[in-house]
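Here are a few notes to read alongside the model. They start with pockets and then turn to aromatic rings.

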Amino acid sequence: MDGSRPGDRALLWGLAPMLVVQLALFVVPIGIMAVYSFWTTRGYQVVAEWTLANYRTFFESTTYPRVLARTLAWSVVITVLTLLAAYPLAYFIARYTRRWQSVLLGAVILSFWTSGLLRAYAWMALLGDSGIINKGLKALGLIDAPLPFLLYSPFAVVLVMAYFSLPFAVITLYASLEKMDWSLVDAAADLGASPLRAFRHVTLPQTWPGVVSAAVLTFVPLTGMFFVPMLVGDASSVMIAPLIANQMQAFQLGLGAALSFIVAIVVMAALALSWRAARRSR
């Protein structure tokens, strides 16, 4: 007898498919990427010679660290903006629309039914010189020439990436708000707390783990966003993912793997910090 109960063994067998998927889709690729980052490339051949040259290239360059810092800074800014937009929407759906929750949630999820690339092109048509915004402003007599910052600019990158991140944040925050005990908010109001004070001391603490989860689900994809900066940004909007893709396409697999591994370490550090913050909030 090994002392384990049948229920425990059944639970382990039930978790086995998830563990296999995690190993196949996360652990193994990370391991391969880590190994490649210490190998060199000669011509179009990867040579298994251990070297730190790929990492030296990153740290000795002025471009790669600057682009990575820009990527992280923009990801943080877009995450904050997304949460500021998503929280009121999720709050409204969870608190005031019991009858129409399914419809509103379906409207939020509707964007997932369309290709991301197609949605990015739709934004290009919307923000372009001949787009609806510029044409509408011209028709109203507010502008004489198309606004130059609407497309191929950092503004366009932030706007479109926030749009892509919004559904993830709304669904995550809604799941947290849906489990709230709203009678506590009513009790705080009965005791004389203003709506803002009730939110700070009752609603936000109860939903803080959901806020952290929404921040993670927003921040992590933003660090690897590939096509949005390329389509709607300019030369000052280059992010780290297109640079990694360029190295891979040029068959500089070692340098591309080193860049990817550095980004992965940063993302995992962000996940660890968020997990710690969520534990402390509990």
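1. Helix α12 gives the most to the lining of the largest pocket, with six residues. Helices here are DSSP runs of H or I with at least four residues, numbered from the N terminus. A pocket is an open set of points on a 1 Å grid over the protein atoms alone, where a 1.4 Å probe fits, with protein on both sides within 12 Å along at least five of seven lines; lining residues have an atom within 4 Å of a point.

2. Before going on, please note that this is a predicted model: local features need pLDDT of at least 70, side-chain atom pairs count only at pLDDT 80 or more, and totals for chains, interfaces and linings use all residues. Residues are numbered from 1 along each chain as its sequence is written, and side-chain values use heavy atoms, leaving out hydrogens and water.

3. Which residues lie nearest the centre of the largest pocket? They are M33, I244, S260, V263 and A264, out of 14 lining residues.

4. For the second largest pocket, α9 supplies the largest share of the lining, seven residues.

5. Now to the rings, which pair if the centres of Phe, Tyr or Trp (its six-membered ring) lie within 6.5 Å; planes under 30 degrees apart are stacked, over 60 edge-to-face and the rest tilted. The count is 13 aromatic pairs. One of them, Y91 with W182, is edge-to-face, at 5.4 Å centre to centre and 85° between the planes. Y91 sits in helix α3 and W182 in helix α8, 91 residues apart. Both are buried (under 20% relative accessible area with a 1.4 Å probe, protein chains only; exposed is over 50%, partly exposed in between).

Definitions and conventions: Helices (H or I, at least four residues) and strands (E, at least two) are DSSP runs, numbered from the N terminus.
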